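Hi,

Here is the structure I promised to pass on.

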Amino acid sequence: MSQLKMVDTTIERPVANFHKSVWGEYFLSYTPELTEISSQEKVEVEELKEKVRQMLVETPDNSTQKLFLIDAIERLGVGYHFENEIKTSIQNIFDEHKQNKNEDDDNFYVVALRFRLVRQQRHYTSSDVFKRFTNNDGTFEETLTKDVLGLLSLYEAAHLRVHEEEILEEALTFTFNNLKSMVPKLSNSLKIQVSEALIKSIHQNVPRVAARKYIYIYENIESHNDLLLKFAKLDFHILQKVYQRELSEVTRWWKDLDCVNNYPFARDKLVECYFWATGVYFRPEQRFARRVITKLICIITITDDLYDAWATYDELVPFTAAIERCDISSMDSISPYMRPLYQVFLDYFDEMEEELTKRGIADYVRYAKIEASKWTKSYLKEAEWLRDGIIPKCEEYKRNSIISVSNQMILITCLIVAEEFISKETFEWMLNESLVLPASSLINRFKDDIIGHAHEQQREHGASFIECYMKEYGALEQEALAEAWRQIANAWKDINTEYLRATHVPTFVLDPALNLSRLVDILQKDDFTDSRWFLKDVIAMLFADSVNRTFDHQNEFEENNGSKT
């Protein structure tokens, strides 16, 4: 019998009206036999990889062809196979450019491409390289509007801007407005490239989503390299099989939890949670990390709905205290219907500790438990504000809400379960000194507030940043939304700054924060809560559909109206 039947039915609860799971048990059909990678596929992908590696090594670093090749490899989603080769080449390109003026420095497209690739590799290169393309008043020359690929290249480069780079702020406005006005007049192949970029830039897109879409775009570029395209498609197909097998496994775990009976008040979002996990860690060897993160985000979703859409404040106080203690002895202190969820918490930490013991870092679990306690306490504070009818000041709201959005807990867990060893000193730096953690959390919180604002007004719900700003400053809703977008843009600059500044920190430590920001940033509407449309299509594209399937880019562009951050 469901523990929920033991709940006090005399209490009026602010239950939300969430839709049923989009996917149900769909991925249970992907058996180990169906998802097995054949011997032929293994041999072929290795042969193709070595041919691409040879092509990459043999192309001179001081040639524009090398820039084009690196860009194509990275955008097709296979750059992870050639990290050392790409790192060495970009270092050589950076050093060469610092010492000598390149012959192609007047080539608008090449200058912007080189700038983006170099900054992506965490080298600071000055945005002054674009001054040669501006007028005396700082605006960009109108003649540049004739170069569509050049505009597109500058648009992508501008998303790696840091604070006080006015020329890149101008570049973003200039390129966005011109590219948007051009879309209806472009040839089909170019129209798709521009439309996709205006929906989401390379830098702010989820890597696997961007790769899948670029495979289709690249195939329709006349000058594409057949060998590289074949390798990218096969690699995507093999990774898709890995994901399908893992989805089948976690679907069994989810089914065993009996969520429909134990948590009928909560969103059923297993597959969406797995998508989040692949957005952070997509490589085949990162299986354990994906499993842990998927389970964590499922737990977060249920707990979020418990605090938000079902439990009373008096029920939440002992539950929050029990999470802090994180011990089976606390089970009797909480309401009976909460006990299955509490057991899931305990099992989750036990599984993590068991794996980390094998690695000799079992004590790292305490970081995860500390973050879980901070997170539920922040939820309780929001429940207290709702109970007392309080709309806090913006700064007080931000301090609490960047914890309650759960980004910090997810990020710390990502580092705990990473394949690479991360020292305690690095954990302390991330928690206490880094720019990426608070910036990523703010992006997640404010984007969540923006896309959830309309949905959450339909039921009793705590104030978002939008309501807090409107009350504190007597502002209109549109002014509050504009301020939220402004702070999101600044947070992206903080992330970009950290990649250039924190050179003592390995890139794999910073990447989870960047990827978590990308995940929430691709959502245009309330897509995690209502995942029947945009998110459903993205998930199908990554985990179900053949890599050879086409899709309607123009329709997606029109739906999103080319919105930019």
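This is a predicted model: local features need pLDDT of at least 70, side-chain atom pairs count only at pLDDT 80 or more; totals for chains, interfaces and linings use all residues.

Let's begin with Asp71, which you'll find in helix H2 (residues 64-75). Is Asp71 buried or exposed? Its relative accessible area is 6%, so Asp71 counts as buried, the cut-off being under 20%. And what does its side chain do in there? The side chain of Asp71 has a polar contact, at 2.8 Å, with the side chain of Arg116. If you skip the neighbours within four places in sequence, Asp71 is in contact with Leu113, Arg116 and Leu117.

Now the aromatics. The count comes to 32 aromatic pairs. One of them is Trp23 with Phe27: the ring centres are 5.6 Å apart and the planes are at 40°, so this pair is tilted. Trp23 is buried at 12% relative accessible area, and Phe27 is buried too, at 1%.

Another pair to look up is Phe319 with Phe345, which is edge-to-face, with 6.4 Å from centre to centre and 70° between the planes. Phe319 belongs to helix H13 (residues 313-325) and Phe345 to helix H14 (residues 339-359), so the pair ties together parts that are 26 residues apart in sequence. Both of these Phe residues, Phe319 and Phe345, are buried. They also join a cluster linked by ring pairs, together with Tyr307, Tyr342, Trp375 and Tyr379.

Last, two charges over rings. Arg366 has its charged end over the ring of Tyr367, 4.7 Å from the centre, while the charged end of Arg212 sits over the ring of Phe236, 6.0 Å from the centre.

Cheers

How values were computed. Residues are numbered from 1 along each chain as its sequence is written. Side-chain values use heavy atoms; hydrogens and water are left out. Helices (H or I, at least four residues) and strands (E, at least two) are DSSP runs, numbered from the N terminus. Buried means under 20% relative accessible area, exposed over 50%, partly exposed in between (1.4 Å probe, protein chains only). A polar contact is a pair of N or O atoms within 3.5 Å; within protein, one must be able to donate a hydrogen and the other to accept it, and residues adjacent in sequence count only if both atoms are side-chain atoms. Contact means heavy atoms within 4.5 Å. Rings of Phe, Tyr and Trp (its six-membered ring) pair if their centres lie within 6.5 Å; planes under 30 degrees apart count as stacked, over 60 as edge-to-face and the rest as tilted. A charge sits over a ring if NZ of Lys or CZ of Arg is within 6 Å of the ring centre and within 35 degrees of the ring normal.
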